[in-house]
Amino acid sequence: MEKQTTLSAKQRLIRSSSKNPGETRGKILVSLCALIIIIATLSITLFLAIKGLQSFIVNGLNPLEFLFSSEWNPTSSDPQYGALPFILGSLAVTLLSALIAGPLGIGCAIFMTEISTSIGKKVLQPVIELLVGIPSVVYGFIGLTVLVPFIRNTFSGSATGFSLLTGTIVLSVMILPTVTTIATDAMSSLPNSLREGSLALGATRWQTIKKVLIPAALPSLMTAIVLGMARAFGEALAVQMVIGNVRDLPGSLLDPSATLTTIITLNMGYTTYGSVDNNTLWSMGLILLIISFIFILIIRYLSARRKI
Amino acid sequence: MGMLKEKVDKSKQKTSDKKEEKDQSELILRVNDLSIYYGSNQAVKNISFDIEKNSITALIGPSGCGKSTFLRSVNRMNDLIPISHNQGEIIYEDLNILDKNIDVIALRKEIGMVFQKPNPFPKSIYNNITHALRFYGIKGKKRLDAIVEESLRKAALWDEVKDRLDQSAFALSGGQQQRLCIARTLAMQPNILLLDEPASALDPVSNAKIEELIFELKKDYTIVIVTHNMQQASRVSDKTAFFLNGRIVEYDDTETIFTNPSVKETEDYISGRFG
Amino acid sequence: MNSKVADRIATGVFIAIATIIVLVLIGLFSFILFRGVPQISWDFITTTSSTVREGGGIRDQLFNSFYILFITMLITVPLGVLGGVYMAEYAKPGKITNFIRSCIELLASLPSIVVGMFGLLIFVNSTGWGYTIIGGALALTIFNIPVMVRVSEDAIRSVPNVQKEASLALGINHWHTIKTVILPSAFPGILTGAILASGRVFGEAAALLFTAGLSTPRLDYMNWNPFSTTSPLNIFRPAETLSVHIWAVNTNGIMPDVEAIADGSSAILVLSVLFFNLTARFVGSAVHRKITASK
């Protein structure tokens with residue numbers, strides 16, 4: 001390697017674009033990838049917004065009626081497009097499955113971090129990872145073959161077994177690993193001094209968990225539940241297979257019902273692209289998109305309040 | 001060991017002949033009123049001093065006194081810390097190397113750096129040395145082989161590793177790893193070597209070897225070394241700068257600093273009263 | 001005394017919860033495997049499916065699943081790794097980086113049915129391709145890209161900083177340092193993440209319903225010309241994957257052996273995903289050992 005003593009320091013050391021070609025190319029390459037991510041996100045938002053608003057702009061549907069009417073009769077001579085039953089159905093399965101999976105997931109996280117870390121690591125950790133791996137259609141399939149007949153035979157209120165309750169249970173199992181994983185991370189990132197301080201004051205383990213650890217980890221635990229809810233809200237096929245897909249508001253947990261995602265799944269293939277019926281499905285898609293935004297905002301709000 | 005040294009000396013001799021013609025006391029680095037900040041915290045405060053060509057300058061002082069920060073600014077490694085910025089200048093061959101228009105890549109090639117903890121790449125011994133050569137477009141097995149051998153000889157590592165050049169660098173001992181790091185820097189033919197406590201993470205035997213090596217390297221390179229080890233500073237260096245709280249309290253010939261310091265803090269520090 | 005009783009009860013409750021979860025998993029797995037594995041036979045894997053008659057297999061669905069996965073990863077891995085390099089090495093803290101992070105976050109939280117709708121709009125209708133493998137793969141790319149970017153960014157960030165410093169201090173530029181030092185060190189992490197992501201992509205169905213479709217044309221596995229309509233390699237043909245097949249068979253299936261097909265398909269799907277997860281673990285630790293090993 002020859003010394004470039006023939007070149008002056010200026011020639012050697014002043015920056016010029018010709019000296020560093022690989023760097024520029026690399027920078028352009030990675031920036032391009034970042035740009036693709038931005039373009040993908042913006043075009044999803046933009047195209048789904050345009051397409052989702054068409055039923056109101058082109059077909060002249062009343063947005064308020066779409067959101068707040070419970071009459072869904074697209075095929076009658078005087079078609080009505082009230083999506084309220086599906087919006088409520090989506091919210092119901094989301095909240096109910098969070099009510100089941102939340103306590104179970106957080107309880108499991110507490111078991112893994114506070115009661116027995118060794119069983120947690122050796123048994124529960126792999127169990128949770130396996131549960132994450134099961135595809136959602138398989139959850140739906142098991143719900144359909146096990147849960148639906150079980151509910152039909154157990155509860156006299158359910159004629160078919162397809163019900164809000166069935167959908168809720170399937171979703172609860174599905175989001176349980178999500179909730180548990182994040183809750184476990186939250187609990188295990190609590191400083192040990194919190195536990196020791198409380199135990200040293202003579203508090204029992206349960207008092208420590210209830211009075212010290214859970215309050216300290218609360219924003220993260222809430223994040224765990226919200227992320228689980230976001231997953232439940234967006235799930236389509238597993239719910240569609242077990243919920244019954246009727247267009248009426250459910251009167252009880254045992255009534256069949258429908259959600260935004262299940263109606264989209266069912267009807268997208270059976271409606272003509274560009275028709276009113278089809279456009280209302282895109283409006284429902286837009287609602288799904290907006291609610292995803294809201295979930296992100298909630299998660300951001302929670303992580304800003306995180307103390308740990 | 002004696003044979004090894006002889007070999008090293010010989011290979012040294014060839015290159016140092018070329019440099020002989022240059023003035024021995026030529027200045028290679030001139031630091032003018034340099035201040036370095038991390039955010040709002042000023043780590044180096046208005047220091048000014050000169051470093052002679054082919055000399056060893058030791059930077060001593062208690063932890064956090066700014067000596068490593070200064071060292072990392074000489075080859076612009078501080079650029080990696082986004083919150084760092086600086087004022088003043090470091091003149092190297094008539095150029096202020098802190099200028100925006102300096103090509104830091106070319107600069108780092110001429111001003112090499114060896115870090116406190118040995119940090120070889122997870123590659124073979126051979127590839128650790130050729131890694132940077134390949135980037136500079138040096139090809140051909142013969143040519144690479146020659147540079148690998150020369151650099152390893154200069155770093156006094158050749159005899160220990162010549163039969164296992166394709167083994168992982170991680171298989172070497174800590175001291176050998178550090179000499180490999182020195183060898184791969186030497187392969188770039190730098191003008192200045194910056195050593196950031198190069199022996200502090202090593203055992204005493206390796207430490208002594210590195211020290212011996214530094215002394216050898218002086219013939220060909222200008223060396224700036226940060227050290228916590230007073231004996232080391234007094235043994236190897238020509239000049240010593242004592243840093244305290246981001247300032248240079250005293251800068252003089254090493255002998256003067258260690259036998260007859262003019263500032264009381266220097267004396268206190270050297271005699272181990274603080275730091 | 002009271003508080004001690006409460007403590008005991010609480011501990012019991014937590015143990016009960018943990019037990020329930022383990023039992024649920026055991027129940028799910030034994031259900032799938034005990035019912036499904038007996039259905040799996042060479043015949044089942046190698047014959048085409050039938051819409052009305054008994055004895056249909058899943059040959060095409062299985063091939064489609066792997067082929068779509070392959071195309072998806074072919075697009076996602078370079079895009080995700082380079083995106084991860086951007087986020088970990090080039091992105092400067094500021095508005096643009098925050099915006100990109102928000103984009104990734106949004107993509108990650110999109111319901112997959114919404115991704116499928118976007119795919120229908122762009123890759124099926126706007127392009128005029130109809131239901132195609134490439135449309136499905138592009139939809140799955142949107143679904144998978146946030147995961148790959150995150151995995152790559154994490155793997156790159158966990159490369160020791162001293163490695164990067166060592167390379168830069170030798171006068172090597174940032175890009176070359178990334179290519180020759182950082183990415184090789186991050187490779188095990190990226191590989192493990194990519195295999196895990198493959199499992200997720202393999203099981204995904206909702207994003208494919210409206211993009212790759214619910215049918216498969218007659219395929220001739222001897223035809224390797226990717227531009228021929230009967231070639232399995234043609235990326236402009238519709239392709240029903242295994243996951244979609246399970247859904248379709250359960251919702252609209254009219255063949256007499258619906259249950260057997262669904263059982264067998266689910267077992268194969270779950271076993272495949274399980275295989276991906278185990279491989280990810282194994283490969284991750286093996287490569288890690290190889291790279292850090294001192295010979």
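This report walks through a predicted three-chain model, from its chain contacts down to a few single residues.

Residues are numbered from 1 along each chain as its sequence is written, while chains are lettered from A and ligands numbered from 1 in the order in which they are written. Because this is a predicted model, local features need pLDDT of at least 70 and side-chain atom pairs count only at pLDDT 80 or more, whereas totals for chains, interfaces and linings use all residues; side-chain values use heavy atoms, with hydrogens and water left out.

**Where the chains meet**

Let's start with the interfaces. The size of an interface is often given as the accessible area lost when the parts come together. Here, buried area is the accessible area (1.4 Å probe) that two parts lose on being put together, summed over both, and contact means heavy atoms within 4.5 Å.

| Pair | Residues in contact | Buried area | Share from carbon and sulfur |
|---|---|---|---|
| chain A and chain C | 74 of chain A, 70 of chain C | about 6400 Å² | 82% |
| chain B and chain A | 23 of chain B, 12 of chain A | about 1500 Å² | 53% |

**Chain C, and one helix in it**

Chain C has 11 helices and 0 strands, where helices (H or I, at least four residues) and strands (E, at least two) are DSSP runs numbered from the N terminus. Its C-alpha trace spans about 75 × 70 × 45 Å along the principal axes. Of the 295 residues in chain C, 57% are buried, with buried meaning under 20% relative accessible area, exposed over 50%, and partly exposed in between (1.4 Å probe, protein chains only). If you take the contacts in chain C with a separation of 6 or more, 75% come from residues 24 or more positions apart.

Now zoom in on helix α5 of chain C, residues 112–126. The expected span here is 1.5 Å times one less than the number of residues. Still, α5(C) has a kink of about 35° centred on C:G119, the bend being the angle between axes fitted to the seven residues ending there and the seven starting there. Since 13 of its 15 residues are buried, α5(C) is largely enclosed by the rest of the structure. After the helix comes C:G128, with a positive phi near 75°.

**The sheet in chain B**

Chain B has an open sheet of 4 strands in the order β2-β1-β4-β5, with antiparallel pairing; two strands pair if DSSP finds at least two bridges between them. The edge strands, each pairing on one side only, are β2 (41–52) and β5 (95–96). Strand β4 (residues 84–92) is joined to β5(B) by 2 bridges, and B:I91 stands opposite B:N96 in β5(B). Helix α2 (residues 67–74) of chain B packs on this sheet and touches β1 (27–38), β2 and β4, its direction making about 120° with that of β1(B). For that angle, axes are lines fitted to C-alpha atoms, for helices over the stretch in contact, and angles run from 0 to 180 degrees between N-to-C directions.

Most residues other than glycine have a negative phi, and most peptide bonds are trans. B:N46, in strand β2 of chain B, has a positive phi near 45° and is partly exposed, with a relative accessible area of 42%. B:N54 has a positive phi of about 50°; B:N54 sits in the loop between β2 and β3 (56–60) of chain B and counts as buried at 14% relative accessibility.

B:V236 is in helix α9 (residues 230–236) of chain B and, at 4% relative accessibility, counts as buried. Leaving aside neighbours within four places in sequence, B:V236 is in contact with B:I56, B:E211 and B:F215. B:F258, in helix α10 (residues 254–259) of chain B, is partly exposed at 21% relative accessible area. Not counting residues up to four places away in sequence, B:F258 touches B:M230, B:A233, B:S234, B:T240 and B:I270.
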